[in-house]
Amino acid sequence: MKRPRRNFYGRLKGKALKASQKGYLDEDLEALSPGAVSWEANPDRTPLDLTALFDGKPVWLEIGFGGGEHLVHQAARNPDVGLIGAEPYINGVAMLLGKIRRAGVTNLAVHPGDVRDLFDVLPDASIDRAFLLYPDPWPKTRHHRRRFVTPEHLEPLSRVLKPAAVFRVATDIEDYVRQTLEQVPRHGFDWLVERPADWQQPWDDWLSTRYEQKALREGRRPHYLTFRKS
């Protein structure tokens, strides 16, 4: 299979890692791999065996997990579920690994890279739930094509989600809400909404992230959008 050309926008690394964080990466990351995801390790794009990875449990996916607090929260609440987190920002990956150690959860796998590479090797209709929480807003109009809620990302997401799977999106950017509501239903999703509280109030199992706390401090209203794969 020919490797596609994919531009990546965003940060891969921030400030210098602490010694403890370097230790987490050196000691823990490899064991948490979901399998061969990179093009170097898997040039034929052989699908991952999620049944073996999580002993047949339902699988949830968090796209861009930031510091990992929501991912670990869901793993601790749902021991009967396997979760995969994808995040290219290595500082966030290091923060997640520290949280995994402290929480002692074992039902997690981590892909420290572009979720598009992970989509390549996820089997069709293999994911029961997906989360996109406070994604990079790319506020300038000319950068809106870099947002996750574009066909380049939504088409493979739709492919890997099971019928009736839930896709949750949280954002504090009104124009991101607009684009999400325009684009996501075009790719096989129904917006589950009956009243304003359905998008104004967080989910019952929600853990407010540091990104959300920043938005609230700065006076921006969070939106909680729930979609179902049709």
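**Note on cores and salt bridges**

1. Asp128 is partly exposed, with a relative accessible area of 24%, where partly exposed denotes the range between buried (under 20% relative accessible area) and exposed (over 50%), computed with a 1.4 Å probe on protein chains only. The side chain of Asp128 meets that of Lys162 in a salt bridge at 3.3 Å, N to O, a salt bridge being a side-chain nitrogen of Lys or Arg within 4 Å of a carboxyl oxygen of Asp or Glu. Because Lys162 lies in strand β5 and Asp128 in strand β4, the pair ties together parts that are 34 residues apart in sequence; strands (E, at least two residues) and helices (H or I, at least four) are DSSP runs numbered from the N terminus. Lys162, at 29% relative accessibility, is likewise partly exposed.

2. This is a predicted model, in which local features need pLDDT of at least 70 and side-chain atom pairs count only at pLDDT 80 or more, whereas totals for chains, interfaces and linings use all residues. Residues are numbered from 1 along each chain as its sequence is written, and side-chain values use heavy atoms, with hydrogens and water left out.

3. The structure holds 16 salt bridges. One of them joins Glu40 to Arg3, with the closest N and O atoms 2.9 Å apart; since Glu40 lies in the loop between α1 (19-28) and α2 (50-53) and Arg3 in the segment before α1, this pair ties together parts that are 37 residues apart in sequence. Glu40 is exposed at 61% relative accessible area, while Arg3 is partly exposed at 45%. Elsewhere, a network of salt bridges links Arg147, Asp175, Arg178 and Glu182.

4. The largest nonpolar core has 33 residues, and those with the most contacts inside it include Ile84, Leu118 and Phe167; such a core is a set of buried Ala, Val, Leu, Ile, Met, Phe, Trp, Tyr and Cys residues joined through side-chain atoms within 4.5 Å. Among the elements that each supply at least two residues of this core are β1 (59-63), α5 (115-121) and β7 (223-229). Apart from it lies another core, of 27 residues, including Trp60 and Leu96.

5. His223, which lies in strand β7, counts as buried at 7% relative accessibility. The side chain of His223 reaches the backbone oxygen of Arg221 at 3.0 Å. Leaving aside neighbours within four places in sequence, His223 is in contact (heavy atoms within 4.5 Å) with residues including Val169, Asp172, Val177 and Trp199.

Methods: A polar contact is a pair of N or O atoms within 3.5 Å; within protein, one must be able to donate a hydrogen and the other to accept it, and residues adjacent in sequence count only if both atoms are side-chain atoms.
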